[in-house]
Amino acid sequence: MVGRSVRRALGVAVVAGAVAGGASAASIAVPNGSFEAPDARTPFGVSTKIDNWTTYGEAPFDTGGGPASSGTGVFRNVNPDDSVNFDNATGAQVAYIFTKASVPTNRVGLEQVLAATYQAGTAYAVRVDVGLAGSSPGANDPFTFQLFAVDPANPGVRTVVATRTVVNDGGASNPLSKTHLNEYLAVSPVLTAADTAIVGRRIGIEIFTAAGSDPNAVAGRQYDFDNVRVDTPEPAAAGELAFAVVAALGRRRRRRVDAARGRRS
Ligand SMILES: [Ca+2]
C-alpha cells in the first residue's frame, strides 16, 4: 500500500506575524496542521488517514494507512487535468470533509489535542483556510472549527473556548471559492483565572460538519480546508480579531474542472 509509506512530514511553519491592530501574535505549533501527511497519492487519490488528527463519524475506509472515517481525508492540491486546484494552498495537500454523514449523529470531523495548555491573561485564535470542493455545500451546510479545553480527569468533558461556523451562503464579506482558500478565524476572549474549566488545560482543535440544519444535504457535498493555525493575539487585538476576516478572493485564473476530482464520494 502507498498510504503512509511515503510520508511528507513537513513541519508546520511557525511564524510570528502581524495581526489586526499591529500587535504580534505568538504561534502555537499544530502538528500536521497543513495536512501534508500522509502522502495522499494512494490508489484512491485521497488518504482517509490523517496523521496527528483523530477522525470520526463516517464508516471507516482504508486507503492504505489503515481504516479511518471516510467522511474526511486529505488529497493533493491538483485537479484531474493536473492544473492547480487552490491557488494559495499551503504545501502540496489540503483536506476535505463531507457535509453529511451516514451515521445517526450526522457529525463528521477531526480533532487533535496539543501539548500546550491555556494560560490566563491570553486570548487564543484558531485560523483555517476554507474553500469549496467541486460538489459545493448548500447554504445550510455548516462547517465548524473550534478550540476546546479538555478536563484530564474527565476527557469526555470539554469546554468550547472559541468557535466559528462557516456556511456557503455567498457572504459578501468572505465568499467561499473553488479556486482560492479564504482565511477564517475564531478567537476567544482573554482568559482569566476564573476560567477554571479552561486555564491550565490542554488546547484542543476540532473541525466538523453537522448537517442537522439541512436534512436534505447529501454526502457528496464537501468543504475543503488547509493550514490550521493557533496563535495568541495580543489582548488589544483580540477584540478586533473577533470581527476580522481576511478575505482575499482570488480571481479565477483558469477554468476549473469541477467534475470528477478524483476524490472518493
Ligand atoms: Ca497543506
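These questions and answers go through a predicted model, from its confidence to its strands, core and backbone exceptions.

Reader: What is the average pLDDT of the protein, and which stretches stay under 50?
Author: This is a predicted model, so confidence comes first. At least 70 is the score of 76% of the residues. Residues 1–23 stay under 50, though the model has 57 contacts for them beyond four places in sequence. Residues 243–265 are also below 50, with 45 contacts beyond near neighbours in sequence. The average pLDDT of the protein is 81.

Reader: How many helices and strands does the protein have?
Author: Contacts first: among those between residues at least 6 apart in sequence, 75% join residues at least 24 apart. Buried residues make up 47% of the 265 residues. The count of elements is one helix and 15 strands.

Reader: In the open sheet of five strands, what is the strand order?
Author: Strand S4 (54–56) and strand S12 (154–166) each pair on one side only. The twist averages 25 degrees from one strand to the next. Pairing is antiparallel, and the order is S4-S9-S14-S11-S12.

Reader: Which residue of S14 is the bridge partner of Phe 148, and which is the partner of Val 113?
Author: Take the two strand pairs in turn. Strand S11 (residues 143–151) and strand S14 (residues 202–210) are antiparallel over eight bridges. Strand S9 (residues 107–117) also pairs with S14 in the antiparallel sense, over eight bridges. For Phe 148 the partner in S14 is Gly 204, and for Val 113 the partner in S14 is Gly 204.

Reader: Which residue of S14 is the bridge partner of Leu 147?
Author: S11 and S14 pair over eight bridges. Leu 147 is also in contact with Val 126. In S14, Leu 147 has as its bridge partner Ile 205.

Reader: Why is S14 largely enclosed by the rest of the structure, and how many of its residues are buried?
Author: S14 sits between S9 and S11 in the order of the open sheet. Burial gives the reason: S14 has nine residues, and it is largely enclosed because the number buried is eight.

Reader: Which residue of S13 stands opposite Val 128?
Author: Strand S10 (residues 125–132) and S13 are antiparallel and joined by six bridges. Five of the six residues of strand S13 (residues 182–187) are buried, so the rest of the structure largely encloses it. In S13, the residue opposite Val 128 is Tyr 184.

Reader: Is Tyr 184 buried or exposed?
Author: Tyr 184 lies in strand S13. Its C-alpha atom is separated by 8.0 Å from that of Arg 164, 20 residues apart along the chain. The cut-off for burial is 20 or more other C-beta atoms within 10 Å. Tyr 184 has 21, so its state is buried.

Reader: Which residues touch the most other members of the largest nonpolar core?
Author: In soluble globular proteins, nonpolar side chains tend to be buried together. Here the largest nonpolar core holds 54 residues. Beyond its neighbours within four places in sequence, Val 126 is in contact with residues including Phe 145, Ala 162, Leu 185, Val 228 and Val 230. The members that touch the most others are Ala 125, Val 126 and Val 130.

Reader: Is Asn 52 buried or partly exposed?
Author: Asn 52 is found in the loop between S3 and S4. Its phi is near 75 degrees, a positive value in a residue other than glycine. It has 15 C-beta neighbours inside 10 Å, so Asn 52 counts as partly exposed.

Reader: What is the phi of Asn 227?
Author: Asn 227 lies in strand S15 (residues 222–233). It is buried, with 22 other C-beta atoms within 10 Å. Asn 227 is not a glycine, yet its phi is positive, at about 60 degrees.

Methods: Residues numbered from 1 in each chain as written. Predicted model: local features only at pLDDT ≥ 70, side-chain atom pairs only at ≥ 80, totals over all residues. Core = buried A, V, L, I, M, F, W, Y, C linked by C-beta atoms within 7 Å. Buried ≥ 20, exposed ≤ 12 C-beta atoms within 10 Å, placed from the backbone. Contact = placed C-beta atoms within 7 Å. Pairing = 2+ DSSP bridges. Helix = DSSP H or I, 4+ residues; strand = E, 2+ residues; numbered from the N terminus. Axes fitted to C-alpha atoms, helices over the stretch in contact; angles between N-to-C directions. pLDDT = per-residue confidence, 0-100.
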